[in-house]
Amino acid sequence: MEREKLYLFDTTLRDGAQTQGVDFSVEDKTNIAKALDKLGIDYIEGGWPGANPGDTAFFNNPPELKNATLTAFGMTRRPGRSVSNDPGLSAILDAKTPAVCLVGKSWDFHVDVALGITIEENLELISDSIAEAVRQGREAMYDAEHFFDGYKANSEFALACLKAAYGAGARWMVLCDTNGGTLPDEVERIVTEVIEHIPGSHLGIHTHNDTENAVANTLMAVKAGVRQVQGTLNGLGERCGNANMISLIPSLVLKEPFKSMIDTGITEEGLKSVALVSRLLDDILNRSPNLHQAYVGDAAFAHKGGLHVSAVEKDPRTYEHIEPHLVGNKRHLLVSDQAGRSNILAQLREFGLELDPKDPKVDRMLEEVKEREFKGFSYDGALASFELMARRRMGQIPKYFDVESFRVQVERRHNVRGELVSVTDAVVKVMVDGERYLSVGEGNGPVNALDTALRKDLGKYSEYLDDLRLVDFKVRILTSGTEAVTRVLIESTDSSNKRWFTVGVSPNIVDASFAAMIDSITYKLYKAGAPASLK
């Protein structure tokens, strides 16, 4: 059976921009659009021209796209306005994009309450606006807002809205689950019924994730016959987000029945880049990637239990549904108190260390891991600390510096403006090449002050640490009471954008933080090839 073309429509730059806490600059939008174009997306919805200065600026100087069709979003004409006398519609059409996507009501409840017009007038808004876009030579799309709720309330009217757009020349009628409350079986049933009136080759699906079913709903719509899917990178979107394009693409390309039914146009290389594109978005948003995101998260192919690791070592299909490299990811065999010898050996191989399974060092490492995790350490999330521990046992970590002592002081006082502020300073004494260095640093807390002081002067090692940044700091209290044992996990990065995690444990939160920080710096020096201290 010949596969049908399925068109991918990304709305990260429009619907994704409505995510709480997300604010794209024009440069951000341009970089994301180029990444989407390279990935193989068919349509990129760039935003709403005229709605805000950023979107207007983006469309005034759009990026050059090699594959994707840039699409402008907006509303159908407003009641009481003609298509030639509606500033909102004019701004969309003036953007001169090859395609336009116009949203209109398809739920009679909204027509009555939100617009306050008749059903007949709403149909005219849709048909007039689509016809004008087509007249101007644009590829027109109709976003049927609240379609599934509207269909369940009044199927005749919801279908009439689609037919009004289709009759006016729209290329796509997009069925929107705007409130995100429709479930997969309903989506499949309703789409099947709609296709009796509008060809599936002209239908799209746009789902929201308010019941955690956006991806499932989209897949069911494709199975039922729609041939355009809309989504966002990493599932960005208002409220609970939109269908996650990063999850949709691999499922559509690799899973049956979709693999045999449809052709997304995503190449093998494009599929391998989905993890990279996902991380690019997180970097732009300055947030940590979701470790547990399907297909591309660091935990997506991570194995912790000893029995699991042993089986995966024999054949990954025992606990993996696809090969990680297909989506640009890789397998992680974790080390923890649930680990067995297989975990240790597998992780050492990840570090480039090959040991004979019968080597006594393996058993000693396993015992040490379990003892330290009993005390509160956690190595499945701090592989840099585990690598240091393993390499120290093998005599591979040079001695860089010795910390003689450190002191932290927190003072709460009124500043010159009479405001109550907290000031933290730290003093650190270290020995490098037999020479003592004393440094003082200030920060917005004990950890920041210690970090500043420690890196202020480490002699010959300072140059290796110029680009080191602590990007995340997590504290967990392991036992109750003010004397509780504390575990601190620090995430670090450098100019290579490589990230590593280190851990420290102590009844004293500052001491635990300092231990994790020392591991982070030591790991950076080792990876940079810094020389050992002379004494």
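Author: Let us begin with contacts: two residues are in contact when they have heavy atoms within 4.5 Å of each other. In this predicted model, residues 24 or more positions apart account for 67% of the contacts in the chain with a separation of 6 or more. The model being predicted, local features need pLDDT of at least 70 and side-chain atom pairs count only at pLDDT 80 or more, while totals for chains, interfaces and linings use all residues. Residues are numbered from 1 along each chain as its sequence is written, and side-chain values use heavy atoms, with hydrogens and water left out.

Reader: How many helices and strands are there in the chain?

Author: Helices (H or I, at least four residues) and strands (E, at least two) are DSSP runs, numbered from the N terminus. The chain has 19 helices and 18 strands. Its C-alpha trace spans about 85 × 65 × 45 Å along the principal axes.

Reader: How is the packing of two helices described, and at what angle do α1 and α13 pack?

Author: Two packed helices are described by the angle between their axes and the distance between the axes. Axes are lines fitted to C-alpha atoms, for helices over the stretch in contact, and angles run from 0 to 180 degrees between N-to-C directions. Angles under 35 degrees count as roughly parallel, over 145 as roughly antiparallel, 65 to 115 as roughly perpendicular and the rest as oblique. Here α1 (residues 26-39) and α13 (residues 274-285) pack at about 175 degrees with axes 11 Å apart, and are therefore roughly antiparallel to each other. From α1, Asp28, Asn31, Ile32, Ala35 and Leu39 meet Val274, Val277, Leu280, Leu281 and Ile284 of α13. This contact of α1 with α13 has eight nonpolar, one polar and one charged residues; Ala, Val, Leu, Ile, Met, Phe, Trp, Tyr, Cys and Pro count as nonpolar, Asp, Glu, Lys and Arg as charged, and the others, Gly among them, as polar.

Reader: At what angle do α4 and α5 cross?

Author: The axes of α4 (residues 108-115) and α5 (residues 119-135) cross at roughly 95 degrees and come within 10 Å. These two helices are therefore roughly perpendicular to each other. Asp108, Val111 and Leu115 of α4 make the contact with Ile119, Asn122 and Leu125 of α5. By class, the residues of this contact of α4 with α5 are four nonpolar, one polar and one charged.

Reader: What is meant by burial, and which residues of α9 are buried?

Author: A residue is buried under 20% relative accessible area, exposed over 50% and partly exposed in between (1.4 Å probe, protein chains only). Of the 535 residues in the chain, 51% are buried. In helix α9 (residues 214-224), eight of the 11 residues are buried, so the helix is largely enclosed by the rest of the structure. The buried residues of α9 are Ala214, Asn217, Thr218, Leu219, Met220, Ala221, Val222 and Ala224. They pack against β7 (172-177), α8 (184-194), β8 (203-207), β9 (228-231), α10 (245-254) and α11 (258-261).

Reader: Is Lys524 buried or exposed?

Author: Lys524, in helix α19, counts as buried at 8% relative accessibility. Leaving aside residues up to four places away in sequence, Lys524 touches Tyr464, Leu465, Asp467, Asp494 and Trp500.

Reader: Which backbone angles deserve attention?

Author: Most residues other than glycine have a negative phi, and most peptide bonds are trans. Glu212, in the loop between β8 and α9, is not a glycine but has a positive phi of about 65 degrees. This residue, Glu212, is exposed, with a relative accessible area of 65%. Asn234, in the loop between β9 and α10, is likewise not a glycine and has a positive phi of about 60 degrees. At 13% relative accessibility, Asn234 counts as buried. A cis peptide bond, with omega about 5 degrees, joins Glu256 and Pro257; Pro257 is in the loop between α10 and α11.
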